[in-house]
Amino acid sequence: MMKPLIPPSYYQDTEIFQREQVLIFQNLWNFAGFTIDLQSHNDYICAEIGGKSIIVQNFHGELRAFLNVCSHRFSQIHQLPQGNGALKCPYHSWTFNCDGIPIGIPLVERFDTITDAKRESLRLEKWLVETCGKLVFVKRNDDGIILKEFLGSIYEKLAEFSEAFGQKINEWQVKVNANWKITTENTLEGYHVFPVHKNTFGKYGIPVDIKYICNELHTGYSDKGNPEYFEKFKKKIDRPANFLKKIFLKKAESIFGKRPLKLGSYYHQLVFPNLTISTNDGVGFSVQVHQPINSEETKLVHHLFACKLELKSKIEQGIFDRVAQQFTKMYVAVYEEDKAICETVQRGISSQNKEGGIFSLEEQRIYEFHKAYAIIMNFNPT
Ligand code: FES
Ligand SMILES: [Fe+2]
């Protein structure tokens with residue numbers, strides 16, 4: 001029988017939260033952003049990883065990552081989430097090179113002699129950085145595990161998915177009053193779809209051909225939708241009163257038919273620990289980062305991408321924009337519903353100190369998540 005392995009206290013305890021920040025977020029490869037934002041020399045992004053601000057910056061085509069803390073008197077260096085500019089501290093204008101060594105120190109003669117060795121000792125804390133497709137990952141310690149090894153069999157899939165990302169159609173952040181594991185686990189099961197999303201996801205009916213890919217750290221899910229829903233929809237659109245909708249649909253199908261990725265299914269992927277990516281047959285992509293704030297609060301960062309397409313006319317652009325709008329509307333509604341239920345779960349779990357609970361087959365990805373979590377956090381589940 002599958003049952004929760006992570007005790008309720010782990011969703012509230014501040015000491016556990018601190019251990020997670022190190023063992024799960026600083027010591028594993030974690031998602032930091034997109035290569036799309038790092039195309040030119042001096043483009044940078046700042047990501048919050050394991051309670052630290054991390055810079056990833058392009059130096060003449062090469063990506064480097066550093067802790068966003070100046071080695072003079074510890075100001076943050078970059079202050080925006082992304083931008084373009086030299087690695088220069090705003091406090092006393094120290095500038096750093098691509099190795100994180102301070103090469104420009106104003107009024108350097110007023111310091112005791114700054115030798116090369118001294119500059120070397122004032123190097124910024126370097127983090128590891130690697131990419132998979134358009135996704136950028138960072139990691140604090142070098143234990144020899146490269147990103148490809150950490151991602152294992154999903155490496156190719158993630159590269160393929162992210163290479164199919166086209167225009168970013170929306171990006172927004174929401175604070176959820178729930179532990180990051182609650183918001184992440186919530187995306188790993190479809191059991192809640194009918195009670196929680198009955199007017200959004202739920203209206204598409206029970207999907208067929210459900211597959212759980214559960215033999216590793218990063219679990220996946222796919223389904224082929226509900227054929228009866230498609231049938232009904234087709235009949236509805238064939239009614240004379242829906243003629244204009246039918247024309248729109250035909251045009252949209254022909255535009256989106258040129259998309260690069262066709263899976264023939266809905267697909268959802270967890271990249272352990274807190275990155276989730278889903279796609280409806282490669283038409284659009286939702287990328288969510290469940291960024292922990294503290295043991296009972298999470299910042300959810302949502303990115304919506306359309307598939308990569310070459311739009312040839314204003315009419316095509318208009319159709320694309322309408323589909324993108326509908327896609328955004330659906331996801332915003334779904335995520336609002338998820339936020340509300342996750343906060344309800346947190347309130348429940350916070351008044352529970354006994355272990356227990358049970359998982360259905362539909363919740364097996366959460367069971368896998370708990371197993372991986374237990375190994376990484378070094379505890380023996382009972
Ligand atoms: S704190 Fe950065 S230059 Fe002084
Ligand atoms: Fe949901």
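Here's a quick briefing on the fold of this protein chain, from the whole chain down to one strand pair. Keep in mind that the model is predicted. The protein chain carries 10 helices and 16 strands, and its domain assignment gives two entries, domain 1 (30-144) and domain 2 (165-376).

**Overall dimensions**
- At 382 residues, a compact globule would come out with a radius of gyration near 21 Å, and the protein chain's 23 Å agrees with that.
- Along the principal axes, the C-alpha atoms fill a box of roughly 85 × 60 × 35 Å.

**Domains**
- Domain 1 covers 30-144 and domain 2 covers 165-376.
- Going by C-alpha atoms, the centres of domain 1 and domain 2 sit 34 Å apart.

**Packing and contacts**
- Buried residues account for 32% of the 382 residues in the protein chain.
- Take the contacts between residues at least 6 apart in sequence: 62% of them link residues at least 24 apart.

**The seven-stranded sheet**
- Seven strands line up in an open sheet, in the order β10-β16-β15-β14-β13-β12-β11, and the pairing is antiparallel.
- At the edges you'll find β10 (165-176) and β11 (211-213), each of which pairs on one side only.
- On average, neighbouring strands in this sheet are turned by 15° against each other, ignoring direction.

**A look at β14 and β15**
- Strand β14 (residues 275-280) pairs with strand β15 (residues 284-294) in the antiparallel sense, over five bridges.
- For a residue-level landmark, look at Thr 279: its bridge partner in β15 is Phe 285.

Definitions and conventions:
Residues numbered from 1 in each chain as written. Chains lettered and ligands numbered in written order. Predicted model: local features only at pLDDT ≥ 70, side-chain atom pairs only at ≥ 80, totals over all residues. Domains from an automatic or database assignment. Pairing = 2+ DSSP bridges. Helix = DSSP H or I, 4+ residues; strand = E, 2+ residues; numbered from the N terminus. Axes fitted to C-alpha atoms, helices over the stretch in contact; angles between N-to-C directions. Rg over C-alpha atoms; globule rule 2.2 N^0.38 Å. Buried ≥ 20, exposed ≤ 12 C-beta atoms within 10 Å, placed from the backbone. Contact = placed C-beta atoms within 7 Å.
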